[in-house]
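Hi,

Here is the structure I promised to pass on.

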Amino acid sequence: MILVTGATGAVGREAARLLAAAGPVRILARRPERVTVRGPEVDIVAGEYGDRASLDRALRGIDAVFLVTNSPTEPDDARVAAAAAAAGVRHLVKLSMMAVEEPDADDFITRLQRGNEQAIRESGVPWTFVRPRTFMSNTLSWAKGIASDGVVRALHGRSPVACVDPRDVAAVAVATLTGTGHEGRAYGVSGPEAISAYEQTAQLSEVLGRPLRFEELPLDRAREALLAKYPQPVAEAFLESAERQRAGAKAAVVPTVEELTGRPARPFRTWAADHAESFGAVGRAAWRPA
């Protein structure tokens, strides 16, 4: 039995779906009604990371855990790792981030994830870290501007990033959960190409069958927009990350998806076509991959 957390997010939801198609899976959810993965092989347990009793219930009889956390203030990784150790869990796979392994990355979020990884190492539970690059799904934040005036507004539009489809990240996680020999290893996960926001805009234009324009967002406006949504340390971390991307730190492509799943990573154009309706496309997308 495998426990999946974060199953209402893009990666956790896909991991739960893949696991449920092959055998029994348990899902820990703060709001079970939001879980869309259902079926006879799916056991949903209500609970929170900060509630040890609910963690113990969820971990009873569990062999492996897929851990997804996102709080910038709560020690959720340490909480789950401690409970997993007490429950005798044999493998904990954590969703982390590729910047953790890069010495020049020292923003708030990266430091937080390094600390989370260390807490898991110290728990004594055999671990695997899945460290993806930027998700392609981050471009969904452009949907409002595309719908209103056909404009994508972003910072450093010409800087490349080897962004990755969350479905591929989930497939890598499932491979490590269900395969052997992955304990004590960390896997960087990227897409098949480095692509800029400007190029993504052009590909979205083709997919949606409508003209789109890219507009470079000034730094002050980008900071203002981020501060409207996130605490200052998180907003500043995103800005530092964008500067690293502009310097080329996120352009490297790694072959992990194909090595662990047996198929190539999906390019951005494929992800965009599969999510065209989220950008306001009506009916079938204008472009589909061959």
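Below is what turned up, starting with a pocket and ending with the aromatic rings.

A bit of housekeeping: this is a predicted model, where local features need pLDDT of at least 70 and side-chain atom pairs count only at pLDDT 80 or more, while totals for chains, interfaces and linings use all residues. Residues are numbered from 1 along each chain as its sequence is written, and side-chain values use heavy atoms, with hydrogens and water left out.

The second largest pocket comes in at a volume of about 230 Å³. (A pocket, on a 1 Å grid over the protein atoms alone, is an open set of points where a 1.4 Å probe fits, with protein on both sides within 12 Å along at least five of seven lines; lining residues have an atom within 4 Å of a point. The volume is the space filled by probe spheres set on the points, which are joined across faces, edges and corners.) Its lining includes R13, E14, R17, R167, W271 and H275. Helix α1 gives the most to that lining, with 4 residues. (Helices are DSSP runs of H or I with at least four residues, numbered from the N terminus.) By class, the lining has 4 nonpolar, 3 polar and 5 charged residues. (Ala, Val, Leu, Ile, Met, Phe, Trp, Tyr, Cys and Pro count as nonpolar, Asp, Glu, Lys and Arg as charged, and the others, Gly among them, as polar.)

R17 sits in α1, which covers residues 10-22. Its side chain makes a polar contact of 2.7 Å with that of E14 (a pair of N or O atoms within 3.5 Å, one able to donate a hydrogen and the other to accept it; residues adjacent in sequence count only if both atoms are side-chain atoms). R17 is partly exposed, because its relative accessible area is 44% (buried is under 20%, exposed over 50%, partly exposed in between, with a 1.4 Å probe and protein chains only).

D168, in helix α6 (residues 166-178), is buried at 0% relative accessibility. Beyond its neighbours within four places in sequence, D168 is in contact (heavy atoms within 4.5 Å) with V257, R263, A265 and R266.

Lastly, the whole structure has 5 aromatic pairs. (Rings of Phe, Tyr and Trp, the last by its six-membered ring, pair if their centres lie within 6.5 Å; planes under 30 degrees apart are stacked, over 60 edge-to-face, the rest tilted.) Y230 and F238 have ring centres 5.0 Å apart and planes at 70 degrees, so they are edge-to-face. Ring pairs also link F268, W271 and F279 into a cluster.

Cheers

Technical notes
Helix = DSSP H or I, 4+ residues; strand = E, 2+ residues; numbered from the N terminus.
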